[in-house]
Amino acid sequence: GQAGRKMSEYFRRLVKRDPPPAALIRFRCAKLHRASAPGADTSVSEYNTIYDVLRARGWKETDVDTEWHIFWADKDWIHGMFDKIHLDPHQHVNHFLNHQELCRKDLLVKNMKRMRRQLEKEGRGDEANKYNVYPVTFVVPMEYNMFVEEFKKHLGSTWIMKPVGRSQGAGIFLVNKLAQLQQWRTAHNWKPPKDGKDVDDDAEVKEGPEIYVVQKYLDDPLLVGGKKFDIRLYVLVVSYQPLTIYMHRGGFCRFSMSRYSNDLSNMKDLGSHLTNVAVQKNSGKAAYKRTGAKWDMHRFKSYIVNVAGVETANSMMEDIESIVIHSLLSVQKVMINDKHCFELYGYDILIDIHYKPWLLEVNASPSLTANTTADYDMKYGLLDDTMSLLDFEKYLTGSELQIGGFDLLYRDGLRYAPPEGSVNASYLGCANNRGRQLERLAKVRAMDFASGNASALAAAAAAVVPGPGDKRASVVAAPALPVCLWEASGLERAPRTVRVFPTPAPPPPAAK
């Protein structure tokens, strides 16, 4: 709504620059991201917010292949075109080239397992445990025999089958007998690997069934009002070298519209087991149309504080942050870091009855459509903050700890948290004060420029690279301003930082 639209205006209104930087910015947006649902009732229409945000900032759209500052591209373009064109330093795209290392279900598990094994080998058991945050998982058919061995150790337990290349709940089913795998093993000529040996992770399966991950089903999820839910969190990575992570306060819980039951006779009713919007929106229930089956993270954290106490809520939020950090550390060395790339990830987390979070998956293209007005406002704010943080208009210094709803979570080995003595151990679940924060930050910037720092103002105005057809001279880098914004503004947070990685390996045993 209107509240969302005002956020990116604070800087422009308070920091006067001529020409206004927004007039120089060009964007390109993949057609996929511009779809809407025309003619539907506005209360249930699904809007796509990224296109709205790019236009509302006053940036100009272009369809020219290379003449843009930001291209919100689809994954096919990244895979097919990114390596074939030359990009200037000021141009940015919204995916890393091999994002599948984190976002394909089988590769994520492979990278997390590899990191855990490496740390165990080095004698760092505590660190290795930080990577043990997903259910017991195998990739089939490659690890079919290992799966069968584990399955037989836990006869009667339920497993969930997920195709590695699909999303929104497509192709998922539950099994508690090996015979039920026939729904998956559709190729008549496929047989389990001979001699009990599993196929190598990287070996290509030439024929046979689609590749799936099979995970031990977490059958003791935390329920709210008898309903199962998972958590969708938004994480922005602007660099893998050094690894720099921001987490947004606009995450939310997604609820099933059916009461949860682990009754094994009802395994085909996925509505009570899967919380994906794509599954739940077909429930036909009036409550879904009214609420979108969602709670924001602030409401969820307040609920946990009420039922389990502040200490449990804090511990749970810190564990969720740890999952985000360590999953990204597991792919840091294999991810192709490119200064033109950033990525907004959608993390899916499940909480069990012991308030332990589990990583379900990471999405490289989280849904940007909205199913309620509140959902639209949240996603609008998330994407507007993403554009503010990427700083195409050169308003920031680079030292900010919070930009709108985004909090700096990790940078180059340091994890950032609220100051010592704070009630909250994490900003996750705190009120999303993005509007007030952006306004205060813009006021500080305006004071900074007005305090006689004319040369900084001129440099910042020149820092925006003009779009095609603009003749104005410019430079690329934003100036480093002499005033420390956080001290000058009363916004200082004196953050508590904890070194996460790398930690030194234990010393070798002394010679006897």
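Which residues lie nearest the centre of the second largest cavity? I looked this up in a predicted model, where local features need pLDDT of at least 70, side-chain atom pairs count only at pLDDT 80 or more, and totals for chains, interfaces and linings use all residues. Residues are numbered from 1 along each chain as its sequence is written, and side-chain values use heavy atoms, with hydrogens and water left out.

**Cavity.** I found that F11, R57, S388, E393 and Y395 lie nearest the centre, among twelve lining residues (a cavity is a set of points on a 1 Å grid over the protein atoms alone where a 1.4 Å probe fits but cannot get out, and lining residues have an atom within 4 Å of a point). The elements giving two or more residues to this lining are α2 (10-14) and α13 (373-390), helices here being DSSP runs of H or I with at least four residues and strands runs of E with at least two.

**E400.** I placed E400 in the loop between α13 and β18 (402-403). E400 is buried yet has no salt bridge, and the nearest side chain of opposite charge, R445, is 5.4 Å away (buried means under 20% relative accessible area, exposed over 50%, partly exposed in between, with a 1.4 Å probe and protein chains only; a salt bridge is a side-chain nitrogen of Lys or Arg within 4 Å of a carboxyl oxygen of Asp or Glu). I noted that its side chain reaches the backbone nitrogen of T397 at 2.8 Å and that of G398 at 2.9 Å.

**Backbone.** I recorded a cis peptide bond from V140 to P141, with omega near 15 degrees.

Conventions: 1 Å grid on protein atoms, 1.4 Å probe; cavity = no way out; pocket = protein on both sides within 12 Å on 5 of 7 lines; lining within 4 Å. Lys, Arg positive; Asp, Glu negative; His and termini not counted. Polar contact = N/O pair within 3.5 Å; in protein donor to acceptor, adjacent residues only side chain to side chain.
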